[in-house]
Amino acid sequence: MDKAQNNESQKEIDEIDHLLNSLFPITRSLTGDGNRETLRILQEIAPLIVSEYPCGSVVYDWVIPPEWRVRDAYIKNVSGERIIDFKKSNLHVVGYSTPVDVQLDFASLRPHLHTIEAEEDVIPYRTSYYKRDWGFCVTRLQYEELEKSEGVLSVKIDSDLDNQGSMTVAELRVPGETEEEYLVSTYLCHPSMANDNLSGLLVTAFLARDILRVGRPKKTWRFVFVPETIGAVAYLHKNEIEMMKLAGGLVITTCGGPGPMGYKETFLGNHTMDRAIRLAFKEALIDPLRYPFVPDGSDERQYSSPGFRIPVATITKDKYYEYPEYHTSSDNLDFVSGSEIAKSLSLYRRVLEILDSNQIFRSTQPFCEPQLGKRGLYPNVGGGINQVGSRPIPDVDTLMWILFLADGTHDLISIADKSGLEFTEIDFVARRLRGAGLLDRCDPPSTL
Amino acid sequence: MDKAQNNESQKEIDEIDHLLNSLFPITRSLTGDGNRETLRILQEIAPLIVSEYPCGSVVYDWVIPPEWRVRDAYIKNVSGERIIDFKKSNLHVVGYSTPVDVQLDFASLRPHLHTIEAEEDVIPYRTSYYKRDWGFCVTRLQYEELEKSEGVLSVKIDSDLDNQGSMTVAELRVPGETEEEYLVSTYLCHPSMANDNLSGLLVTAFLARDILRVGRPKKTWRFVFVPETIGAVAYLHKNEIEMMKLAGGLVITTCGGPGPMGYKETFLGNHTMDRAIRLAFKEALIDPLRYPFVPDGSDERQYSSPGFRIPVATITKDKYYEYPEYHTSSDNLDFVSGSEIAKSLSLYRRVLEILDSNQIFRSTQPFCEPQLGKRGLYPNVGGGINQVGSRPIPDVDTLMWILFLADGTHDLISIADKSGLEFTEIDFVARRLRGAGLLDRCDPPSTL
Amino acid sequence: MDKAQNNESQKEIDEIDHLLNSLFPITRSLTGDGNRETLRILQEIAPLIVSEYPCGSVVYDWVIPPEWRVRDAYIKNVSGERIIDFKKSNLHVVGYSTPVDVQLDFASLRPHLHTIEAEEDVIPYRTSYYKRDWGFCVTRLQYEELEKSEGVLSVKIDSDLDNQGSMTVAELRVPGETEEEYLVSTYLCHPSMANDNLSGLLVTAFLARDILRVGRPKKTWRFVFVPETIGAVAYLHKNEIEMMKLAGGLVITTCGGPGPMGYKETFLGNHTMDRAIRLAFKEALIDPLRYPFVPDGSDERQYSSPGFRIPVATITKDKYYEYPEYHTSSDNLDFVSGSEIAKSLSLYRRVLEILDSNQIFRSTQPFCEPQLGKRGLYPNVGGGINQVGSRPIPDVDTLMWILFLADGTHDLISIADKSGLEFTEIDFVARRLRGAGLLDRCDPPSTL
């Protein structure tokens, strides 16, 4: 990397760090103003279109829940001291807690408390979206303090659940030269946690900005920011016909930790999406942790469900479930950094480049090889080879592989796989051959 | 295993041992009263339907041979002493020997004698079904005694071959909820040998009783008891149209020895039958000897022939060809026991259970996941997982796998294979989901 | 090998050695009298049909170049001494050099010189077919001598490029019992080099003689001798419809060196051609170097191009590109010998035998096994096996495998692969079964 590139990279890392600091404290959930505020900040990166889906709407087997607002929450001891204070961490309140304002002794409070036995200073993350309930998440030390406190505790959650409200989603669809369309989806429902899923929100927004910067991409790209599960379900419901046609997708999550990179395969295991991801990792000389498809995880559960079957993969850096800080207050800005997120972003970027460049060609001269020499594509003095024991000069090799496989069934990724040559070189030479009239593109219908 | 189960098992072993003792001495062959007597005893286990196929019938390329009866046979020395006596072992007479009553010297008798050089006290088992001939099978010591005996030998076989007779077969067809039908076939033509094939006769009869005990099975089951080769050929000829529709089958043979269990694959190698057998062995933590399909062996040669192509497998315990006692008088009740047969029976039972439970489902909610929480199928407090580094609680995992693969192309066995979860749990949870209206069965036509 | 066979083999080796000596000195190129003379000698082996294709003809993307004749060429120093003399090696002149007759100093000559830095006494092989140019190929010592020579050098190439001439190709098509047709192609454009490709010319001619000697083969065989690339292109152009129907092919090249045998796969990797070659190597207990298909090499590039897609393989002994003598004057009769060529010939012969014998059969008795005993194809005394722990006697085994797989989808090679039995035995037994009326051939349309 030269110095200019290095400066560029550092600038991007600084930008990510700055955004992490702005976004981290916001109280996000399935619904609410925190989500709106989060999307407003992301709109500074890319021009996302924000929509509101009315609460109470039936979306397949689900109903969009009421909009949840929480203004304050605490547990005070007899001295009026806030032992637990929502203002210090929004993780203290179980997501979607109903309003409460009572005086209780510890025994009555206990069923409403969530803590992690093994850690003295860590707050767990809990929600109760579909069963009306309330609760507090507390560290073990706080739990012990509450347990020891004599007399009644004042418990208050100043929240409401508004059936007239709405759920906020954002999207950006960038039409390409063809209708072949890929999904890049992430979720925005998690409050103050950094890897799950601020990292995903930022990477997705940066990728959207990238695609816009290249002008008109070759493929159509759809970027989606939704609350997990209910948001994806509602989005699929609203866009059912279009979504059934998607070629493949990515769900971006937990990609900013200090650990090794991982890759969860699509349910097909060898879809174009998988082949593009493997190629990107191979080029980057990274051997990721491999996670075969299982029907848990994130919104691939919806996108790949039997009715849609969009092949969706995920690249991670400290994958959900796999790091001890997962779904706790330790998943914070000490754990995640701009420089780690930049590593995932770089990998995802390459995947998008490969997918966008990927094409199927058909030779215009399928009977025998075209004569490359008369087109200036072949060395004019025959008989020589670069060195004994090897194949002819790489350039000719690339030409030959592309022309041989240009039968309308091989895409550029498969030519890279079969030949072992660089995708970028194949892409470049294929364009040169097309320019020379030797290849036709076999494209899906144009969007023009 | 608790005590009640233990008692139950011991009772079954005792029952098998008792039947072994009753059945072992009977003179079975392709035809004859020994076969009828054998089937009469097996009818005490399960209500087999017995049929007689007339001798002389043309069945494909074959003709059912005359009915063979043998009452007595011996070789006497000049002193009138029976050196060889059919009454001591029915293996002494070559199967289907023509009647003979002659005085011979040893040299003339010699071409009619069969023995095993390497063993001094073992009688081989030989037949001559389709070439009219007679002969005696003797131990090496007996052979040597005959060789040394001076003067003429009185040789008698009191047998006849009756063209007006018939060949006896038995069957039991248990119609299930669907027309998907499986074959369980065994052969009854072997005289006093225990592993080949008393073990097969008993296991098949017990499996028939099992299926009847469950009431109406889900699949249709066809149990067949025939003399090997000619019996299977005749049975297929008589039931040609029905047999061409069969989904798969088992040929049960040599499953009562003290050696390790084995499994001969179907000619397809990965048929539902193979997958069910592998699952059953995996559950039992047994790694069987694997025998890839070869076109020798038993009646799979007929059932899987090009015109029928029923995928047929076999589970063995001391497989034919592979144990030194095979086709000799040493394959007796010292070699085989009720407790060894019970081990094979247990494995076969599980295979039948798996096949009978196996189903293909289709989700009634193919677009996105159904909301499990409102149906009491999902933990209501979200965000938590059982332990870091693992996937969510098993119950949800099972639900997710089933719903994800419920697309009308995956059977329960393949869901078990893909998920690594227990078949029994998958079967149980799939029923629960069907009860909740979330799955439809994709069945072959009903038999109702 | 007995003595008669041994003599026969030695006679063939001597014949090859004699032909190598006759053919080696001839100046071959894309066109010209050297090619005609070469084919005339090969016609002594097999009755090849020689054709002339007019120069200037458009064949797909190519134009047949003018006929090149070269009578003499030299570089003389000021003393009139021939430093470089075409009469000593025809490799000295760059193929297709235009005529030249000039006086030059070394600096002006230098761009027209080709040498190999690393070797002092080796002439490289170079051509300039499609760009009008001239040049000399010289050893490093010669290069140094020219460099040191004072004063002007007399440079002469007495050649001409005749647009009225023609390109010479030869072929021999031997119609078989069926239209299933295989290609055996080699190239004749290389001047005095022995492995590349005198070895290929001789092996191909001997194979053609073999096929004629068996009388009417079962398959149709097409032997083709063309200049590389342009010859194959022109031949395909002229025979387009027929060539699109070909079942498979061989390109024979570089098969006479002292090194190990190699095998370049067809682009399919598991075509009948590949299976036949693997079987032949397995029978010969040779484990060849394996070269997966790559679209470089020889005329498979044309035959397997998208419009034709004939699966073509190559067996080599010191494969092109892989030996240091490749495309130099060291690829001579010290490197190649009749005895090495005979080893490749033997392997190729077996491949042709296997392909010619290979057939698909269908049982005339698909329902159950036919009764082999009544046809004298089965041991009449049943119950015995050859030895404990093994399968029945091989003869029966072979019968059973063939009858089991005679379903119209398995060829004899696949029966050999699945059963592990010898192809020759399978072929023999299949004929016996066909003679007994138990098998029908499933042949492509007859040529009769």
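Colleague: How much area do chain C and chain A bury between them?

Modeller: Keep in mind that this is a predicted model. In chain C, Asp61(C), Pro295(C) and Tyr321(C) lose the most area to chain A, together 25% of what that side buries. Carbon and sulfur atoms carry 60% of the area buried between the two chains. The total for chain C and chain A is about 2700 Å².

Colleague: How many residues of chain A are in contact with chain C?

Modeller: Contact here takes heavy atoms within 4.5 Å. Chain C brings 33 residues to this interface. On the side of chain A, the number in contact is 29 residues.

Colleague: How many salt bridges does the rule find across the interface of chain C and chain A?

Modeller: Asp407(A) forms a salt bridge with Arg309(C), with the closest N and O atoms 2.6 Å apart. By class, the side of chain C that touches chain A has 17 nonpolar, eight polar and eight charged residues. The salt bridges across the interface of chain C and chain A number four.

Colleague: What axis relates chain C to chain A?

Modeller: Chain C can be laid on chain A with an RMSD of 0.1 Å.

Colleague: Which residue of chain B has the C-alpha nearest the axis?

Modeller: Chain B can be laid on chain A by a turn of 120° and a shift of 0.1 Å along the axis, with an RMSD of 0.0 Å. The C-alpha in question lies 12 Å from that axis. The residue of chain B is Asn270(B).

Colleague: Why does the salt bridge of Asp61(A) and Arg375(B) join two chains?

Modeller: The closest N and O atoms of Asp61(A) and Arg375(B) are 2.5 Å apart. Asp61(A) lies in the loop between strand S2 (58-59) and strand S3 (62-63) of chain A. Arg375(B) lies in the loop between strand S17 (360-363) and helix H11 (394-405) of chain B, so the pair joins chain A and chain B.

Colleague: Is Asp61(A) buried or exposed?

Modeller: The cut-off for buried is under 20% relative accessible area. Arg375(B) is partly exposed at 28%. Asp61(A) has 8% relative accessibility, so Asp61(A) counts as buried.

Colleague: How many residues apart in sequence are the parts that Asp72(B) and Arg82(B) tie together?

Modeller: Asp72(B) and Arg82(B) form a salt bridge, the closest N and O atoms being 2.7 Å apart. Asp72(B) lies in strand S4 (residues 67-76) of chain B, and Arg82(B) in strand S5 (residues 82-85) of chain B. The parts they tie together are 10 residues apart in sequence.

Colleague: Which helix of chain B holds both Glu144(B) and Arg140(B)?

Modeller: Their side chains meet in a salt bridge at 3.1 Å, N to O. Glu144(B) and Arg140(B) are four residues apart, about one turn of the helix. The helix is H4 (residues 140-148) of chain B.

Colleague: What share of the residues of chain A counts as buried?

Modeller: Chain A has 13 helices and 19 strands. Residues 24 or more positions apart account for 80% of its contacts with a separation of 6 or more. Of the 448 residues of chain A, the buried share is 61%.

Conventions
Residues are numbered from 1 along each chain as its sequence is written. Chains are lettered from A and ligands numbered from 1 in the order in which they are written. This is a predicted model: local features need pLDDT of at least 70, side-chain atom pairs count only at pLDDT 80 or more; totals for chains, interfaces and linings use all residues. Side-chain values use heavy atoms; hydrogens and water are left out. Buried area is the accessible area (1.4 Å probe) that two parts lose on being put together, summed over both. Ala, Val, Leu, Ile, Met, Phe, Trp, Tyr, Cys and Pro count as nonpolar, Asp, Glu, Lys and Arg as charged, and the others, Gly among them, as polar. Copies are superposed by least squares on the C-alpha atoms of residues with pLDDT of at least 70 in both. Buried means under 20% relative accessible area, exposed over 50%, partly exposed in between (1.4 Å probe, protein chains only).
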